[in-house]
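Subject: Structure handover

Hello,

Here is the structure for your files. My notes on it follow below.

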Amino acid sequence: STNPSADRSWNLPTWKAELDFRLADHALLYASINRGAKSGGWAAPATPAPPSVLAFNPEKLTSYETGIKTEFLGGRARFNSSIFYYDYHDYQVFLQEGLVETVGNRNARVKGGEAELSFVPARGWDLDLGVSGMSSIVKGITLPDGEIADRVMPQAPKWSANARARYEWAAFDGTLSAQADMKWDAGSYFSAFNAPVDYEATHAVSNIRVGYASGDKTWDVSAFLENAFNRQYRVYDLDISGLGFTTAVYGPPRWWGVTAAYHWQ
């Protein structure tokens with residue numbers, strides 16, 4: 001191509017600085033600054049577009065994080081928590097240029113925190129619980145009607161949580177196990193426009209698995225039930241409102257299966 005944007009190169013240094021301080025034998029306090037980068041490139045829209053809207057710049061992220069990692073109850077419990085602030089320069093985001101969906105650059109900010117707890121209350125048990133919260137903003141999004149506004153970052157729910165419970169016990173000269181897990185997300189948007197059609201409501205997806213492993217660990221078999229409550233939810237949405245339609249990809253419905261494995265030693 002003879003377009004000037006077809007021949008570009010970047011120098012994108014990345015680095016990380018971290019300070020750790022051990023409060024006690026089983027408690028570590030840390031603080032870090034991390035500089036990351038993502039290369040620029042060229043969009044590949046589904047509809048014809050002028051070269052001027054195809055090129056996008058590198059994305060540069062400076063992240064600040066501080067937190068604590070602890071272990072207690074004789075090693076049977078771990079608790080980790082952190083707070084963070086992400087400063088994006090030229091965040092790469094899907095934008096609508098007329099009837100063309102392309103990639104553009106906008107500045108963005110994210111701040112939040114997360115906590116996770118792992119606990120072994122008794123022999124054979126393994127419990128995990130995690131929660132995270134954050135707020136985000138993408139600056140200067142041009143909406144389809146021409147208005148310029150700040151918007152929430154795509155696929156960035158304000159709250160998320162996960163939980164897992166697993167139990168193992170000896171039986172039939174091997175090990176039986178049962179596990180249930182859940183992932184919960186508050187409502188979020190699939191596009192930076194934050195249009196109502198791009199909003200995915202709060203939802204939770206739960207899974208169940210039971211299994212057996214032979215005593216010598218050479219073979220195992222398990223049965224699973226995914227999306228146990230048959231929750232209907234989307235994992236992707238493409239908003240082409242300018243052409244009068246949108247497309248969506250849904251997560252799998254409730255389904256089950258059996259797996260078996262043999263391990264050569």
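A contact here means heavy atoms within 4.5 Å. On that basis, and leaving aside neighbours within four places in sequence, Gln 92 is in contact with residues including Lys 38, Ser 39, Asn 57, Glu 59, Val 103 and Asn 105.

The model is predicted, so local features need pLDDT of at least 70 and side-chain atom pairs pLDDT 80 or more, while totals for chains, interfaces and linings use all residues. Residues are numbered from 1 along each chain, and side-chain values use heavy atoms, with hydrogens and water left out.

Gln 92 lies in strand E6 (strands are DSSP runs of at least two residues, numbered from the N terminus). Gln 92 counts as buried because its relative accessible area is 14% (buried means under 20%, with a 1.4 Å probe and protein chains only). A polar atom of its side chain lies 3.1 Å from the backbone oxygen of Asn 57.

His 203 lies in strand E14 (residues 203–214) and is also buried, at 12% relative accessibility. A polar atom of the His 203 side chain is 3.0 Å from the backbone oxygen of Ala 201. Beyond four places in sequence, His 203 touches Lys 183, Trp 184, Asp 185, Arg 231 and Tyr 233. Lys 183 is 20 residues away along the chain, with 8.5 Å between the C-alpha atoms.

Strand E6 (77–97) and strand E16 (234–240) each supply at least two residues of the lining of the largest pocket. Among the lining residues nearest its centre are Phe 94, Pro 154 and Phe 190.

Regards

Methods
On a 1 Å grid over the protein atoms alone, a cavity is a set of points where a 1.4 Å probe fits but cannot get out, and a pocket is an open set with protein on both sides within 12 Å along at least five of seven lines; lining residues have an atom within 4 Å of a point. Helices (H or I, at least four residues) and strands (E, at least two) are DSSP runs, numbered from the N terminus. Buried means under 20% relative accessible area, exposed over 50%, partly exposed in between (1.4 Å probe, protein chains only). A polar contact is a pair of N or O atoms within 3.5 Å; within protein, one must be able to donate a hydrogen and the other to accept it, and residues adjacent in sequence count only if both atoms are side-chain atoms.
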